[in-house]
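I opened the notebook to look up surface patches and ring pairs. Here is what I went through.

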Amino acid sequence: MKFLSYAYRFASNFVFLALVYYSLNSMDKYNQRAIVAIMVLVYCAMRAASALRSFYFFQRIERLETEARRLQVAAGEGQTANSQRRLIVTEVSGLRHAGEMKSYIDLLFLALIVLLCVSKLVSD
């Protein structure tokens with residue numbers, strides 16, 4: 001299921017890249033192309049800020065994971081409580097890693113879109 005989510009994220013970002021490429025190439029007038037490119041750049045900047053903010057959030061989750069593991073060892077409660085907590089921490093760690101990978105995919109495509117828009121703004 002995790003790989004399906006990666007594939008979906010890749011496909012949706014690729015479709016967005018293709019739409020931007022097609023729309024910028026289909027416009028004849030420079031003014032129209034510049035307006036669309038600037039609007040796409042603003043959108044990409046907002047999405048990039050959101051992705052970078054999510055990395056800060058993932059860093060906080062990682063700190064909570066290490067703290068939970070430390071407390072788990074220090075608490076020394078029953079075996080069933082330990083295994084349940086260990087399972088929860090492992091699951092949260094997997095979800096955090098998957099979220100980071102999705103953010104990396106988003107940032108890769110956003111960088112490609114920014115390069116495309118800048119190249120269309122610079123060229124005639």
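I began with the surface, where Ile38, Val42, Tyr43 and Met46 form a nonpolar patch. Together they have about 390 Å² of accessible area. I noted the patch rule: residues have over 30% relative accessible area and no salt bridge, and nonpolar side chains are joined within 5 Å. A salt bridge would be a Lys or Arg side-chain nitrogen within 4 Å of a carboxyl oxygen of Asp or Glu. Areas come from the Shrake-Rupley method with a 1.4 Å probe.

I recorded that the model is predicted, with local features needing pLDDT of at least 70, side-chain atom pairs pLDDT 80 or more, and totals for chains, interfaces and linings using all residues. Numbering starts from 1 along each chain, and side-chain values use heavy atoms, without hydrogens and water.

I checked tyrosine 43 next. It sits in helix H2, residues 30–75 (a DSSP run of H or I, at least four residues).

Then I turned to rings. How many aromatic pairs does a search of the whole structure find? It finds five (ring centres within 6.5 Å; planes under 30 degrees apart are stacked, over 60 edge-to-face, the rest tilted).

One of them is phenylalanine 3 with tyrosine 6, edge-to-face at 6.1 Å and 75°. They are three residues apart in helix H1 (residues 2–26), so about one helical turn separates them. Phenylalanine 3 is exposed at 65%, while tyrosine 6 is buried at 14%.

I also looked up phenylalanine 57 and phenylalanine 58: their centres are 6.1 Å apart and their planes at 50°, so this pair is tilted. Phenylalanine 58 is buried at 10%.

Note on methods: Rings of Phe, Tyr and Trp (its six-membered ring) pair if their centres lie within 6.5 Å; planes under 30 degrees apart count as stacked, over 60 as edge-to-face and the rest as tilted. Helices (H or I, at least four residues) and strands (E, at least two) are DSSP runs, numbered from the N terminus. Buried means under 20% relative accessible area, exposed over 50%, partly exposed in between (1.4 Å probe, protein chains only). Patches are made of residues with over 30% relative accessible area and no salt bridge: like charges are joined within 9 Å, nonpolar side chains (Val, Leu, Ile, Met, Phe, Trp, Tyr) within 5 Å.
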